[in-house]
Amino acid sequence: MTAFVGVEDMVRWLGTRGPAVAITGIAARLEADLRRWSSFEKRERVASHTPFGVIELMPIADADTYAFKYVNGHPFNPAVGRQTVTAFGVLADVRTGYPVFVAEMTVLTALRTAATSALAARFLARPDSRSMALIGAGSQSEFQAIAFREMLGIERLRVWDVDPAATAKAVRNLAPLGFDVRAASSATDAVRGADIVTTCTADKVRAVVLADDDVEAGMHVNAIGGDCPGKTELDPAILRRATVTVEYEPQTRLEGEIQQLSATFPVTELWEVVAGRAPGRTSRDEVTVFDSVGFALEDFSALCFVRDDVVGADLSRDIDLVAEPDDPKDLFGFALRGAPVR
Ligand SMILES: NC(=O)c1ccc[n+]([C@@H]2O[C@H](COP(=O)([O-])OP(=O)(O)OC[C@H]3O[C@@H](n4cnc5c(N)ncnc54)[C@H](O)[C@@H]3O)[C@@H](O)[C@H]2O)c1
C-alpha cells in the first residue's frame with residue numbers, strides 16, 4: 001500500500017500543526033538536506049511550455065529515496081477561477097522502485113517555497129530586518145509573510161498587486177494574524193524603506209515589477225515569481241549591482257532572473273552558503289538577491305517532512321497504487337481474477 005495525503009488531509013495536517021510549525025519544520029529539514037548536497041542526484045526540471053503556461057516534472061534522488069513533483073504554472077488560470085500553480089508529489093523506495101508516499105503539493109508548494117525563501121533570507125538579509133514589501137498578492141503571498149515573521153522577525157508589511165482585490169485579500173488575511181500590514185499605492189510605495197522585498201507575481205513575460213531606482217542599499221530581494229524562460233520580474237540593473245544566490249545553477253541559468261545576463265555572471269548556490277562554504281551577506285550596504293525558481297530538493301525535503309509527521313497520526317490513508325499479485329510473475333492471473341472465463 002502507498003500512503004496518501006490528499007488536499008483535505010493536507011489542510012487537516014496544516015490545521016493541526018499550524019502554518020508556522022509546518023514552515024519552520026520544512027525549513028529545518030531543507031537546511032539539513034542542503035548540508036548534504038553532494039548526496040543527491042540532481043538535474044534541471046523537465047518543462048513542457050505552451051502559450052497557456054508550463055507543466056514540469058521535478059525529479060531528485062538520494063541513496064534511499066527518489067522523489068518527483070508534477071507542477072504547472074498557468075498565469076491566466078485565476079481569470080477563470082483556477083489556481084496558477086497546482087502540484088502533487090511522490091516519494092519512492094530506491095531499493096524496490098515502489099512509490100511509498102503520494103501527496104497533494106499545491107498547498108505544500110506554497111509552504112516549501114516560503115520555507116526556502118525565509119531560509120535563504122536568514123543568510124542573506126540584514127539580521128535586523130523588520131519590514132517587507134510584498135509585490136504580488138496571490139496564492140504564495142501570505143505563506144511568505146508568515147515564514148518571514150517566524151524565521152526573521154518581519155512584522156511590517158506593505159503589499160502591492162496590480163489587482164486591487166488581491167491586495168485587499170492579502171491585507172484581510174494578514175491583519176488578523178497581528179501583522180502591521182498596509183496596502184501600497186504602487187510597487188515604489190511598497191518598497192520604500194523596506195528591509196526585504198519579495199516579488200511573487202505571475203505573468204509570462206519579461207516584466208519589471210521591481211525597478212532599479214526602488215532598490216536601496218542593504219535591501220534583500222527575494223525574487224520567486226520569475227521561474228521560466230522568458231518570465232522575469234527584476235530590472236537586470238539590480239542583478240548587476242547585487243550579490244546573487246540561486247538554488248541550482250544549471251536550472252536557474254535557464255529559468256531565473258539571471259537569464260537576462262551573460263552565462264558567466266557570477267552566482268552562488270544556496271547550499272554553499274548554508275554549508276558555510278561561501279559567505280552570505282558580507283556588509284550592511286550590500287544588495288542581495290535570492291533568484292528563486294524552485295528546485296526539486298525543496299520538494300524532497302517538504303515531502304519527507306510531511307511523511308514523517310503524518311505517520312501514525314491519522315492524517316494519511318493507504319491507497320492501492322501498486323499491483324501486488326501473490327505470485328509476482330502472475331500479473332495476468334491477478335488482473336483477470338474477476339473476469340469471465342471467455
Ligand atoms: N520560486 C518558486 O519556488 C515558486 C514557487 C511557487 C510559485 N512560484 C511563482 O510565483 C508566482 C506567483 O505564484 P502564485 O501562486 O502566487 O500566483 P497567483 O496567480 O496566485 O498570484 C500572482 C499575483 O501577481 C499579480 N501580478 C501580476 N503582475 C503583477 C505586477 N506587474 N505587479 C504586481 N502584481 C502583479 C497578479 O495580479 C496576482 O495576484 C508565479 O509566477 C509562480 O510560478 C515560484
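I count two strands as paired if DSSP finds at least two bridges between them. Strands (E, at least two residues) and helices (H or I, at least four) are DSSP runs, numbered from the N terminus.

**Ground rules.** The model is predicted: local features need pLDDT of at least 70, side-chain atom pairs count only at pLDDT 80 or more, and totals for chains, interfaces and linings use all residues. Residues are numbered from 1 along each chain as its sequence is written.

**Sheet.** I looked up the strand order first. I found 7 strands in an open sheet, β2-β3-β4-β5-β6-β1-β17, with mixed pairing. I then checked β1 (residues 2-5): its pairing with β17 is antiparallel, over 3 bridges. Across that pair, phenylalanine 4 stands opposite arginine 317 of β17.

**Domains.** I took the bounds from an automatic or database domain assignment. The chain splits into domain 1 (2-107 + 297-335) and domain 2 (125-294). Their C-alpha centres lie 26 Å apart. The contact (C-beta atoms, placed from the backbone, within 7 Å) takes 19 residues from domain 1 and 21 residues from domain 2. On the domain 1 side, helix α2 (residues 19-35) gives the largest share, 8 residues.

**Ligand.** I listed 29 residues around the ligand; Thr84, Gly136, Gly138, Ser139 and Gly294 come nearest. Near means a C-beta atom, placed from the backbone, within 6 Å. α3 (106-124) and β11 (206-210) are the elements that give two or more residues to this shell. Each of domain 1 and domain 2 supplies at least three of the shell residues.

Conventions
Two residues are in contact if their C-beta atoms, placed from the backbone, lie within 7 Å.
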